[in-house]
Amino acid sequence: MNPLLSRLQPYPFERLRELTRGVTPPADLRPISLGIGEPRHPTPDFLKQALAGAMDGLAVYPATAGELPLREACASWVQRRYGVTVDAATEVLPVNGSREALFALAQTVIDPTRDRERGGPVVVSPNPFYQIYEGAALLSGATPVFANSDPARNFAADWRQIDDATWARTQLLFVCSPGNPTGAVVPLEEWKQLFELSDRHGFVIASDECYSEIYFGEEGAGAPLGGLQAAKALGRDFTNLIAFTSLSKRSNVPGLRSGFVAGDARILKQFLLYRTYHGSAMSPTVQRASAVAWNDEAHVAENRALYRAKFAQVTPLLSQVMDVRLPDAGFYLWAGVPARVGGGSDTAFARELLAQYNVTVLPGSYLAREAHGGNPGTGRVRLALVAGVEECLEAAHRIVSFIKNHP
Ligand SMILES: Cc1ncc(COP(=O)(O)O)c(C=O)c1O
């Protein structure tokens, strides 16, 4: 057996199941889960029809590089959304959702034989973080190193916590913007610092942008800055930069498994080679429906409007009782637990809330690791506002009652 498998950590939801084992929530309150970050708005009908109408082509194996019309649809989207030109032939690749691609990129770019005498390769990740970053690093033979988020700076990761000797061993940096769970968008100034570090140390930047289309700033002008867009604004090319974009949240199709990566053509050439052996070609049916999705923005604006309305109603309710505010983007609230409930413990809060009000939330400490003297998720919970507005409001009212009625 691959010994690296034993280094994988239990997934946060397993830990939550363990935490709430033996809890019997009140039977008269229907269960509401704000735990899992899975979109629950309906898939638009025209996308279902596009899928159903794209059944031809199943009799042949698809190419791993994808069909040109899909790659052109992705490239056109990047142009419209970010004002950035990418070459559909060499700078774009379809992927079966960003999760597998984030994992696979680490397997492609990490050289586990380098820097052995200095402790081996490093992958730098924000903390808290999307759990795949850590697993991808571990299974590639690298050591994950974390930069804690700083609540005083809009939850920006404090990259200064990584010392020069560690940057020198770094082969891959994960950036998550908009962030899961914090909802923070990386500003241009931070990108500038990250690009300088990448230039100095030669590491690859994987920019995970799967929440880019769910934002709360001004429609259009307030859309989150993307990694490729930041590179262009700073007068750079895409050297050592790969951006990950997904249809899952944008178009409410997490079950479709469709996204794309764009950026450095040199890396994508090797990534394509890796993917050919791994067997990650996208089904032609999914490819054609995906092109339809990338070419339509009306359904994305409608979806965003639903999140805007939901967050506008839920956030002020919760901010009466918790340290929480509207994030830049994404569909999470990253809420501070009041000290008078369970001493401010995120795990005690999650357990008691379920026990008394049948609402599931995810303890923040499960999404982060102990680093630099603390766990930056401690004392916060992640609330995924993915259900309909009524259900999210009901959950918020129950949380308010839970906190207000706490002895
Ligand atoms: C930060 C982040 N990146 C990537 C993904 C993966 O999304 P998908 O594989 O559906 O594109 C998720 C899913 O929850 C996520 O939260």
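Which loop does Gly220 lie in? Gly220 sits in the loop between β7 (204-208) and α8 (227-233).

The model here is predicted, so local features need pLDDT of at least 70, side-chain atom pairs count only at pLDDT 80 or more, and totals for chains, interfaces and linings use all residues. Residues are numbered from 1 along each chain as its sequence is written, and side-chain values use heavy atoms, with hydrogens and water left out.

**View 1. Gly220 in its loop.** Gly220 counts as partly exposed because its relative accessibility is 47% (buried is under 20% relative accessible area, exposed over 50%, partly exposed in between; 1.4 Å probe, protein chains only). From Gly220 to Pro338 is 118 residues in sequence and 35 Å in space, C-alpha to C-alpha.

**View 2. Helix α14, residues 389-404.** Helices (H or I, at least four residues) and strands (E, at least two) are DSSP runs, numbered from the N terminus. With 16 residues, α14 reaches 22 Å from first C-alpha to last, close to the 22 Å expected at 1.5 Å a residue (1.5 Å times one less than the number of residues). Its buried residues include Leu393, Ile399 and Phe402. Among the elements covering them are β1 (32-33), α12 (298-319) and β13 (380-384).

**View 3. Lys310, a buried lysine in α12.** Lys310 has no salt bridge (a side-chain nitrogen of Lys or Arg within 4 Å of a carboxyl oxygen of Asp or Glu). Glu391, the nearest side chain of opposite charge, is 9.4 Å away. Instead, look at the backbone oxygen of Leu385: the Lys310 side chain reaches this atom at 3.0 Å. Lys310 also touches His41, Gly388 and Cys392, among others (contact means heavy atoms within 4.5 Å; residues up to four places away in sequence are not counted).

Definitions and conventions
Lys and Arg count as positive and Asp and Glu as negative; His and the chain ends are not counted. A polar contact is a pair of N or O atoms within 3.5 Å; within protein, one must be able to donate a hydrogen and the other to accept it, and residues adjacent in sequence count only if both atoms are side-chain atoms.
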